[in-house]
Structures are given as structure tokens and as C-alpha cells.
Amino acid sequence: MTGHTSPGGTSTGKVARLRVGILGAGGIAERAMVEPARDVDGVEVVAIGARDPQRAAAFAERLNLPVAGDYDTVLSHPDIDLVYLALPPVVHAEWAVRALEAGKHVLCEKPLSANEAGARRIAEVAAANGRRAFVGFHYRLHGFTQRLLEVIASGVLGTVRDVEIDFSIPHFVVKPGNIRLDGDLAGGAVMDVGCYAADLLRAAWGEPEVVSATAQLYADDPRIDLQTDAVLQLPGGVPARVRSSFIGDDTGSMSLRVVGSDASLEATSVIVPQWGAALTVTAGDRVLIQERAAEGENSYARQLEHLVTVLRDGSPSLLDADRAVGTMRVVDDIYRAAGLQPR
């Protein structure tokens, strides 16, 4: 629907004030959208839709949202500029396409879709309808992540020789019944936390190629990887070892380690920088850089501020769907290398 106009938008799809409708009444919708929207000028959550309208109504009443109903209630609402998909990735392509064809911009909770083909479909439909589609890699907008990428690009490490990422959720978090353990919903460790690793590698070094991968499977659903260890090759032949896991130790891990010819880097809490992320660069026994994430900065709020800006001025975004297609290519390739089918 190129040329669609809503009261807060223009015929080019640009918006003056970002009015959001949500599909999915789970906890992520509250944490990633409703709560941060209260702290960001120019954003208003106006509607919530769920498969069960009564669940949406309870969500709306608890969080003081004006409109609740089913998914179509949100898609047909004339005053919504952007639809946030807080749904399992297996249905992202279907509902993103419907939202885009209804004249809405779309933000998909990460990953963009269940696989590269679905991600590409979202990007193509967005372009065809003159609308924007984004993936919710919120961590990329946090000041800590921007500083991390700045340090990596600065040359302080010298020639990068080895990269290691460990994104492991503590073993007691993802329990039976969790949607992340459901193959029908495109679950699995690489889908859940490994997609962050793929995105981070691409942001820092460019397009990686998957060399090998091994997976520990879930006994109750062997389509699901509880843990996958993958070896990738970065541009220039640099090896990158990536662990994505639901069976981490009691504290888990969100760490990046980089060994260079001149110095080494370690970053913690990379996925959620507001949880005390720290960046350290050392050369032998010398500490060259030692920094922590700024207190009070929220990556979800930064993501919303970013979306307000790019939807107002039409500028490119590092969250754009066409870029996220490449991240899903890496995810698919890791699954294939581990002997599993892409989602």
C-alpha cells in the first residue's frame, strides 16, 4: 500500500509521532516495548492484539493501553504506524507481511524470521509497499555496544587472530514447556541467542562463513538444539568459535573475547548491556581500556529512539530487514553444519 497515509504519517511512510500496536501479549512485549515507550518522547503504544482477545484485554487493563483485541484489531487500526511482533519467529513472515500490506511499518522481535527465506520475504514486501521492516537487535543501539564496535575497529588490538563468543543461558532458565524448546515454533539455542552472535560478528568484521558445528539435542524434541558449538571463518581467515546454549552454568555467559597481535579484548553482558556490561582491553599485564556500561541506559529505549528518528527522516537503519537477511543466512548455515534443518 505505497502511499497509505495515517494521521501521524505521510504518503512516503514517514511518521511525526510513532504510534505502536503490538501482536503478542507475552512478557517480552511489556519489557521491550510498553515499559521503554513510557520513557521515550514521540512514542505511544496504543493497541495490543493476541490470539486470545481476553488475554489481550487483561494485558491492556494492567498496563493502561487503550485498545485490545485480536491480531486483526491491531492491523486494521487506522492510527497505528508501526506493528511490533512479539511472536515466535516461525510466524513472523506471515504477520509481518500482513502488517506491511496493511500500510504499517514493522518491528520483529529477534530474529527477523525463522530462516533466511522468511527474512527475505519480509524485506521484499516492505520495499514493495513503501514501508520499513526492522529486527529487534536492541543491543546494537546501546552506547556500550557502539563503544565496543568502535574499539574493535580502532586497531588497538593489532591483527585479530581469534574470536570467541559464549552466549549461554543458565541451565535452569529454559524449562520444559518453554516455547524455545518447541520445534514447531522454530525454537533452539542458535535461534534464541546464537542469532545475536551472528549479528555481532557481521557488525564487527563482515560476512562470516560457517566451517563446522555440533549440537546437543533436546531429548523431547530432537529438532531443538540445547547447545550448539560452531566454528566460523571471518574475512581474512580469522577463526571465530561460537557457543549458543540453554544449558550454561549457574551464572550463564554473554561474553566476547578477541585475541589480537597487540592486545586482547573481553566484553561481558553483550546481549543486554544494561545488566552491567564491562569492556576490558589488555596488553600483557597492562590494562589499556577498562570501561562499564553507563548506569540507567536501556537498550530497548535506545532502540525506540532510533526508530523514531529513522521513521521521521527516512534514513537507513542498522536494524533494517534487508541487512537482517544476512544474519538469518548465517543461522541457517550453522544449523545445516550441525546436521539440522533450518527452521
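Mentor: Contact means heavy atoms within 4.5 Å. Keep in mind that this is a predicted model.

Trainee: Which strands does helix α8 lie across, and at what angle does α8 run to β6?

Mentor: Helix α8 covers residues 299-313. The strands under it are β1 (18-23), β2, β4 (82-85), β5 and β6. Its angle to β6 is about 160°.

Trainee: In what order do the six strands of the open sheet stand?

Mentor: Strands of a sheet pair through backbone hydrogen bonds, either parallel or antiparallel. Here the pairing is parallel. The order is β3-β2-β1-β4-β5-β6.

Trainee: Why is one side of β3 and of β6 left without a neighbour in the sheet?

Mentor: β3 (67-69) and β6 (133-135) each have a single partner strand, so one side of each has no neighbour in the sheet. The twist from one strand to the next averages 25°. As for the reason you asked about, both strands stand at the edges.

Trainee: Which residue in β6 is the bridge partner of L107?

Mentor: Strand β5 spans residues 105-108. Three bridges join β5 to β6. In β6, L107 has as its bridge partner F134.

Trainee: Is D72 buried, exposed or partly exposed, and what is its class?

Mentor: D72 sits in helix α3 (residues 71-75). Its relative accessibility is 45%. Buried needs under 20% and exposed over 50%, so D72 counts as partly exposed.

Trainee: Which element gives the largest share of the lining of the second largest cavity?

Mentor: That cavity has a volume of about 30 Å³. Its lining has seven nonpolar, one polar and no charged residues. The largest share, four residues, comes from α7.

Definitions and conventions:
Residues numbered from 1 in each chain as written. Predicted model: local features only at pLDDT ≥ 70, side-chain atom pairs only at ≥ 80, totals over all residues. Heavy atoms only, no water. Helix = DSSP H or I, 4+ residues; strand = E, 2+ residues; numbered from the N terminus. Buried < 20%, exposed > 50% of the residue type's maximum accessible area, 1.4 Å probe, protein only. 1 Å grid on protein atoms, 1.4 Å probe; cavity = no way out; pocket = protein on both sides within 12 Å on 5 of 7 lines; lining within 4 Å. Points joined across faces, edges and corners; volume = space filled by probe spheres on them. Nonpolar A, V, L, I, M, F, W, Y, C, P; charged D, E, K, R; others polar. Pairing = 2+ DSSP bridges. Axes fitted to C-alpha atoms, helices over the stretch in contact; angles between N-to-C directions.
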